[in-house]
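Here is a short briefing for a first look. Please keep the sequence and the model side by side while reading.

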Amino acid sequence: MANQYKKMLAILAASGMALAACSDGGSDDSAKGQEGADARGPITFAMGKNDTDKLRPIIDAWNKEHPDEQVKLQELAGEADAQRDTLVQSLQAGQDDIDVMALDVVWTAQFAANGWLAPLEGDLEVDTSKLLKPTVESATYNDKLYALPQNTNAQLLYRNTDIVKDVPENWDALVEQCKEVKDQDCLTATLKQYEGLTVMTDSFMRGWGGAIMDEDGNVTVTDEKSQEGLQALVDAYQDKTISSGSTGATEEEVNLAFTQGQTAMAINWPYMYTNAEEEGSAVKGKTEVSPLVGKDGVGVSTLGGYNNGININSKHKATAKEFIEFIINEENQRSFAKASFPPVLASIYDEEDIQEEFPYMEALKVSLENAKPRPASPTYDALSKAVQDNSYAALTQKREIDKATEDMKKAIESAQG
């Protein structure tokens with residue numbers, strides 16, 4: 001418990017807060033989570049304002065059908081850190097003003113470890129059999145489901161087909177294709193020192209059979225396969241397969257580089273497809289997507305999206321449970337797909353009209369089926385910083401991979417306590 005307490009202090013230190021109590025996701029939160037599990041009434045749903053436009057019609061439909069169990073939307077800030085700070089302040093104080101919260105997938109473990117989420121078991125058990133399996137994995141902590149996936153995301157490999165006609169079979173094939181690209185960048189990716197670099201590092205390590213952390217919570221960045229993946233990323237940056245501008249690129253810089261025709265290929269989220277096909281785009285009508293590639297074939301994208309968790313102190317958990325289930329019914333998940341907000345219900349990706357309207361859907365489903373969540377760590381913020389710092393040093397300062405991954409491991413383990 002002492003080590004767990006240190007982990008939780010590290011989580012909240014980033015928000016300038018102290019921790020009052022802790023939980024290891026065991027019997028305590030199971031018992032408390034069932035309190036009021038059959039209680040119904042009005043609830044509040046909190047979510048970052050950037051994506052609430054997709055939820056408003058769903059909330060309106062629910063409220064029309066449930067006049068005595070109205071859902072009130074509480075819009076949180078647009079910035080992820082500010083969103084989390086608001087939620088942490090309320091949950092740490094044991095408040096019940098928020099019943100359901102849309103959590104970035106990397107927050108689920110943090111919130112579960114603190115005992116803030118009602119486990120979805122017993123009277124709160126939900127059916128996840130029709131959902132994409134990696135999304136369910138992202139909502140699971142210590143082998144227990146703590147949230148219900150709402151929407152998801154995975155990265156894709158974009159190609160300007162005027163320049164790169166064929167889908168690369170693996171990473172080596174992509175490198176060979178880049179040798180034929182002249183007078184412009186070949187591949188642009190998010191290698192700026194922020195969360196995007198953690199995502200890319202995780203994808204490359206997993207694409208070569210390694211990982212930042214294994215399923216048992218052991219730090220594995222120094223394992224041979226993890227090092228091999230990071231080495232592939234570093235080599236590609238240093239030999240210009242990946243553009244030199246990538247170390248200054250977030251998703252938006254990647255988006256601009258591709259849609260303005262400055263790079264032949266790019267790694268980005270599905271939203272960029274719509275931008276690429278808009279009037280004025282330099283790649284309109286010549287954009288194709290495919291799953292990421294790794295050492296031996298299809299690569300491993302890092303999973304994005306939101307998971308809906310129920311506040312362990314909610315007074316109306318039965319309504320909260322039914323509302324989060326309502327969000328993932330076929331009609332609502334189809335509305336997500338049409339809003340370029342990737343659904344978690346697997347069957348939506350196979351619908352002919354969806355595939356026709358959104359040509360990237362087939363590739364996105366493959367990417368999602370092969371995707372992996374970022375490490376389920378209560379000290380994720382510190383973990384991400386350790387990955388960013390040392391991957392960036394390996395990319396730009398030519399720090400040896402052995403040294404970079406050893407320093408990465410030490411920093412992650414130090415944060416864990």
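Predicted model: local features only at pLDDT ≥ 70, side-chain atom pairs only at ≥ 80, totals over all residues.

Residues are numbered from 1 along each chain as its sequence is written, and side-chain values use heavy atoms, with hydrogens and water left out. Helices (H or I, at least four residues) and strands (E, at least two) are DSSP runs, numbered from the N terminus.

- Five strands make an open sheet with mixed pairing, in the order 2-1-3-11-6. Two strands pair if DSSP finds at least two bridges between them.
- Strand 2 (71-76) and strand 6 (148-153) are at the edges; each has a single partner strand, so one side of each lacks a neighbour in the sheet.
- From one strand to the next, the twist averages 20°. Axes are lines fitted to C-alpha atoms, for helices over the stretch in contact, and angles run from 0 to 180 degrees between N-to-C directions.
- Strand 1 (residues 43-48) and strand 3 (residues 100-104) run parallel, joined by two bridges. F45 has V100 in strand 3 as its bridge partner.

**Helices across the sheet**

- Helix 3 (residues 52-65) lies across strands 1, 2 and 6, at about 165° to strand 2. Contact means heavy atoms within 4.5 Å.
- Helix 4 (residues 80-92) lies across strands 1, 2 and 3, at about 125° to strand 2.

**Strand 9**

- Six of the six residues of strand 9 (residues 263-268) are buried, so it is largely enclosed by the rest of the structure. Buried means under 20% relative accessible area, exposed over 50%, and partly exposed in between (1.4 Å probe, protein chains only).
- Strand 7 (residues 156-160) pairs with strand 9 in the antiparallel sense over four bridges. Y158 is partnered by A266 in strand 9.
- Strand 8 (residues 185-188) runs parallel to strand 9, with three bridges between them. D185 is partnered by T263 in strand 9.

**Helix 16**

- The buried residues of helix 16 include Y380, L383 and L395.
- Their cover includes helix 5 (108-113), helix 8 (195-207), helix 9 (224-238) and helix 17 (401-416).
- K398 follows helix 16 and has a positive phi, near 55°.

**The largest pocket**

- The lining of the largest pocket has 39 residues; G78, A80, D104, E251 and Y306 lie nearest its centre. On a 1 Å grid over the protein atoms alone, a pocket is an open set of points where a 1.4 Å probe fits, with protein on both sides within 12 Å along at least five of seven lines; lining residues have an atom within 4 Å of a point.
- Helix 4, strand 6, helix 8, strand 11 (304-310) and helix 16 each supply at least two lining residues.
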